[in-house]
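Please look through the sequence and the structure shown here.

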Amino acid sequence: MAMPNGMRFPYLAGMKRLAALLTAAVLLLPAGPAFADRDVLVSNLAELNQALGAAVAGDTLVMADGTWQDAVIGLTAPGPLTLRAQTPGKVLLTGRSSLSLNSPHLTVSGLTFTGGQAPDGAQSVITFNSDHGRVTDTSVVDFNPAEPQTAYYWVYFKGGHNRLDHSLLRGKNHQEPVVGNDRGLAAKYNAVDHTRFADVPNVGRNGMEALRIWGYGQWGELGTQEGAYFTIEHNLFEHVDGDDEIISLKSNHNTVRFNTIRQSSGGLVLRYGNHNTVENNVILGERYPASEGIRVSGNSHTVRGNYVAGVSGYGLKVTSGEHMFDENNQLDYLTPGFVPQRNPLSPYGYLFHYGQVTDSEFTANVFVDNAKSDMHLGWFYKNHWPAYQMVLLPERNTFTGNLVHRPKGGVAVITSPQETAPPLEKFTFEPNTFRGNVVHGGTIDVHAPNSSKGIVVLPRSRQAPPPPPQTAETGPTWSR
């Protein structure tokens, strides 16, 4: 005989009553403070500081539209916490203003620094002092001191896992790079992406790169796994002329990809450090003065899928390295005029000017109509001789599937010959390997121990070279 459900399973009714009682009890409990999810509007710096003192995780502090004069904003609060403009682009920080993220998991959005400069003695306008911070949809425009020798960055990373994205950095005209990564080991895994760098003039001073990425590897340290692990991707550089190194890597294990450099003096440079990856970048010189492609020093790099067209210099420069030590790690004076570069932070107390390029891969890069050679192996050979000992030619590198179009002819590939007069006769170098490289409309000048096998030279192609890849959208969303 069939039985009602409540009689077949009497415990079901009891469980339902218990669940209802528990739900009612939870609704009577006070709300926890962990994630308040409140919007707090502030109209001046005093209100902002008061709100920061009372903030809890999940709060959003909203800066009222208007001009904020001499606003030194130091964010120290429990995260996650957001500071944003009431209307993106309408909060103007002027005078001597700055921003620092001093606690983990902070996000800042929609601010504009313009018509002012960093406070006296400040290292930077925007500083990531902690970890997991983000500054987005923000601009720094013409935020310059009266004297170009006054030194500060516009953005500086001291902590790790931070991100600057979808921002605009335009018009920096004074000492220090636009963006820098700290020398300390805490500054790791940071990133700059979808940001536009523009209108950086050349004022004749060194050290004014768009990005200078310090970190482990900057002093020739010997570890292979440690590095800055900085990512630079999907950025646009236009008329960035402050230094001959637009992007300067001075550490290990960084990635530079999907960036576009257009009409800018200088190039993309692997200056110090090893194990870096440079891939799928587009460099369009359009015969802009002093425009360059990619320059490489150090070992175990990957350079692939890049597109370099119309630069007034070289497409790819693979440098010679400096000889400093003998087999016993003692300073080796090839000439009496050698002046070793002393550096107590280097493993042996001295630092080479340029590292020898070895065990690196150069794959599927495209070079189109560049003024000087497209690939120069051994660039800087005997540079500043005898004060420098730049005599270590690149060796054991692999060049695979690179494509060159030279509609005006000229030498596409050069390998510097080794001089054998004393004291250079003692050096021997292993060859570099070429596989499946094609040159349209140019010639090659390859010297031993390298072989031209693996480089096919064809007449100038009647077909147009492949077009450059498309550029990603960059800059603040409110300025497009």
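In this predicted model, Arg163 and Asp165 join their side chains in a salt bridge, with 3.6 Å from N to O. Arg163 is partly exposed, at a relative accessible area of 30%, whereas Asp165 is buried, at 0%. Both residues belong to a network of salt bridges that also links Arg134 and Asp193.

The structure has 26 salt bridges. Three of them are listed here.

| Salt bridge | N to O distance |
|---|---|
| Arg163 and Asp165 | 3.6 Å |
| Lys408 and Asp369 | 3.1 Å |
| Arg396 and Glu395 | 3.8 Å |

Lys408 and Asp369 meet in a salt bridge. Lys408 is in the loop between strand 38 (403-405) and strand 39 (411-415), and Asp369 is in the loop between strand 34 (366-368) and strand 35 (375-379), so this pair ties together parts 39 residues apart in sequence. Lys408 counts as exposed, with 65% relative accessibility. In the salt bridge of Arg396 with Glu395, Arg396 is partly exposed at 33% and Glu395 is buried at 10%.

Aromatic rings also pair up, and the count is 14 aromatic pairs. One of them is Phe157 with Phe230, an edge-to-face pair with 5.4 Å between centres and 85 degrees between planes. Phe157 lies in strand 13 (residues 153-157) and Phe230 in the loop between strand 19 (211-214) and strand 20 (231-233), so the pair connects parts that are 73 residues apart in sequence. Phe157 and Phe230 are buried, and together with Phe128 they form one aromatic cluster.

Charged ends also sit over rings: that of Lys317 is 3.9 Å from the ring centre of Trp379, and that of Lys382 is 4.7 Å from the ring centre of Trp385.

Methods:
Residues are numbered from 1 along each chain as its sequence is written. This is a predicted model: local features need pLDDT of at least 70, side-chain atom pairs count only at pLDDT 80 or more; totals for chains, interfaces and linings use all residues. Side-chain values use heavy atoms; hydrogens and water are left out. Rings of Phe, Tyr and Trp (its six-membered ring) pair if their centres lie within 6.5 Å; planes under 30 degrees apart count as stacked, over 60 as edge-to-face and the rest as tilted. Helices (H or I, at least four residues) and strands (E, at least two) are DSSP runs, numbered from the N terminus. Buried means under 20% relative accessible area, exposed over 50%, partly exposed in between (1.4 Å probe, protein chains only). A charge sits over a ring if NZ of Lys or CZ of Arg is within 6 Å of the ring centre and within 35 degrees of the ring normal. A salt bridge is a side-chain nitrogen of Lys or Arg within 4 Å of a carboxyl oxygen of Asp or Glu.
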